[in-house]
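Thanks for letting me look over this one. My comments follow as numbered points, to be read with the structure open beside you.

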Amino acid sequence: MRNMKTKKRYLKYVTIALAFVFLVAAALAFLEVWERRHAKYPHTETEDNGTLTYEGREYVKNGNIETFLVLGLDKFNGASTSDSYMNDKQADFLMLFVFDNDKKQCSAIQINRDTMANVDILGVSGERIDTVKKQIALAHTYGNGREVSCRNTKDSVEDLLLGISVNHYISFTMDSVPAMNDLVGGVKLTVLDDFTGIDDTLVKGETIRLKGEQALCYVRTRYGLEDATNTNRMERQRQYIDALYRQTIDCINADDGFVIKLVDTMESEQATPSLSQAQRLKKFSQEGKLTKESYDFTGITTLEGEIKYGEEFVEYYPDEDFIKKTVVNLFYVPKDGQNQD
């Protein structure tokens with residue numbers, strides 16, 4: 001009975017995560033980013049017993065947290081289909097969804113693709129041969145372009161966020177966005193930037209429902225805009241995801257077969273999941289075991305930091321104190337049992 005409850009609980013939040021996943025595989029621009037300077041990311045203050053001290057107060061890990069890492073890759077499906085260790089797919093979009101099963105809440109951490117972090121260099125058989133500091137987007141370029149590359153990125157994210165655990169991951173290529181956008185009937189939002197000359201249907205200040213390639217253009221485009229920074233693009237992505245969440249929940253509540261449609265689309269888009277959650281979702285949905293209960297979405301946190309310009313490319317250095325504060329708020333509870341401020 002307990003095992004069944006665990007499965008149902010898992011399926012509740014995995015449904016939400018997957019719904020986000022298919023469409024947030026955006027932010028996919030081409031940047032050949034290779035950083036050659038070697039360094040180590042600062043060590044964390046997390047102790048072996050799972051405690052962490054922040055602003056003079058001790059915290060312990062919340063044992064009822066589960067995480068989903070979503071990776072949006074900078075290639076189309078047809079660009080590379082082999083399990084080659086010469087893959088060049090960068091993870092231009094990284095977002096970690098955090099599910100608090102006690103509070104029934106879902107939150108997210110958006111990670112700038114230019115974030116300087118520890119990245120493991122892998123050999124042809126997948127073994128670690130070195131660790132260097134470079135843009136976190138490049139962690140995916142080591143490995144086979146699928147599971148191994150996803151796990152390598154997962155390791156970098158865990159290190160960046162002070163040793164927290166990434167339980168599941170899934171990656172998508174850029175052409176997943178239009179297909180999944182249209183599956184939920186499009187996403188309604190107010191256009192934040194002037195896309196004149198890029199897509200004249202996207203008029204700044206107008207409220208529209210994004211369809212097909214519009215959605216990909218909106219969440220992916222940087223170059224040609226007045227503000228071509230990745231930071232500006234990330235703001236559009238957060239806006240899109242927030243609107244997408246509401247639209248997806250409406251679809252789940254209105255259509256008992258929506259989860260199966262979601263899984264079928266995922267499989268057709270050649271996603272790389274960390275486990276067979278797709279088939280589990282389909283099986284439980286067909287058997288009527290998947291409820292429509294959802295987690296409240298509390299918003300997206302972006303890691304504050306400083307942009308620097310290296311010898312060739314942009315480098316983003318996240319604020320260490322802000323990282324620690326974020327990790328404490330989302331993954332820890334006070335050791336003394338009192339509520340966090």
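1. A question to begin with: is Ile-241 buried or exposed? Ile-241 has a relative accessibility of 1%, so this residue counts as buried, the cut-off being under 20%. The residue belongs to helix 5. Across from Ile-241, Val-219 sits 22 residues away in sequence, and the two C-alpha atoms are 9.7 Å apart.

2. Before going further, please keep in mind that this is a predicted model. The mean pLDDT of the chain is 78, and 72% of the residues reach at least 70. Residues 21-48 fall below 50 in pLDDT, yet the model gives this stretch 106 contacts beyond near neighbours in sequence. A further stretch to read with care is residues 77-84, where pLDDT also stays under 50. For residues 77-84 the model has eleven contacts beyond four places in sequence.

3. On the overall picture, the chain has 341 residues, 54% of which count as buried. Its secondary structure amounts to eight helices and 15 strands. Taking contacts between residues at least 6 apart in sequence, 69% link residues at least 24 apart.

4. Helix 4 deserves a paragraph of its own. Six of its eight residues are buried, which leaves helix 4 mostly covered. The buried ones are Gln-214, Ala-215, Leu-216, Cys-217, Tyr-218 and Val-219. What do these buried residues pack against? Their partners are helix 3 (176-183), strand 9 (187-190), strand 10 (207-210) and helix 5.

5. Two packed helices are described by the angle between their axes and the distance between the axes. Helix 4 (residues 213-220) and helix 5 (residues 230-254) pack at about 135°, and their axes lie 8 Å apart. Helix 4 brings Ala-215, Tyr-218, Val-219 and Arg-220 to the contact, while helix 5 brings Arg-233, Arg-236, Gln-237, Gln-239 and Tyr-240. Sorted by type, the residues of this contact are four nonpolar, two polar and three charged.

6. A word on the cysteines. How many disulfides does a search of the whole structure find? The search finds zero. Cys-150 counts as buried because its relative accessibility is 0%, under the 20% cut-off. Cys-217 has a relative accessible area of 14%, and therefore is buried too by that cut-off.

7. Ser-149 is part of helix 2 (residues 147-160). With 0% relative accessibility, Ser-149 is buried. His-140 is placed in the loop between strand 7 (128-135) and helix 2.

8. Pro-334 has a relative accessible area of 9% and is buried. Along the chain Pro-334 and Leu-52 are 282 residues apart, while their C-alpha atoms are separated by 9.5 Å.

9. Which value does phi of Glu-55 take? Phi of Glu-55 is near 50°, which is positive in a residue other than glycine. Glu-55 sits in the loop between strand 1 (51-54) and strand 2 (57-61). Its relative accessibility of 69% is over the 50% cut-off, so Glu-55 counts as exposed. Lys-104, not a glycine either, has a positive phi of about 55°. The loop holding Lys-104 runs between strand 4 (91-100) and strand 5 (105-111). Lys-104 is partly exposed, at a relative accessible area of 29%.

Notes:
Residues numbered from 1 in each chain as written. Predicted model: local features only at pLDDT ≥ 70, side-chain atom pairs only at ≥ 80, totals over all residues. Heavy atoms only, no water. Disulfide = S-S within 2.5 Å. Buried < 20%, exposed > 50% of the residue type's maximum accessible area, 1.4 Å probe, protein only. Axes fitted to C-alpha atoms, helices over the stretch in contact; angles between N-to-C directions. Helix = DSSP H or I, 4+ residues; strand = E, 2+ residues; numbered from the N terminus. Contact = heavy atoms within 4.5 Å. Nonpolar A, V, L, I, M, F, W, Y, C, P; charged D, E, K, R; others polar. pLDDT = per-residue confidence, 0-100.
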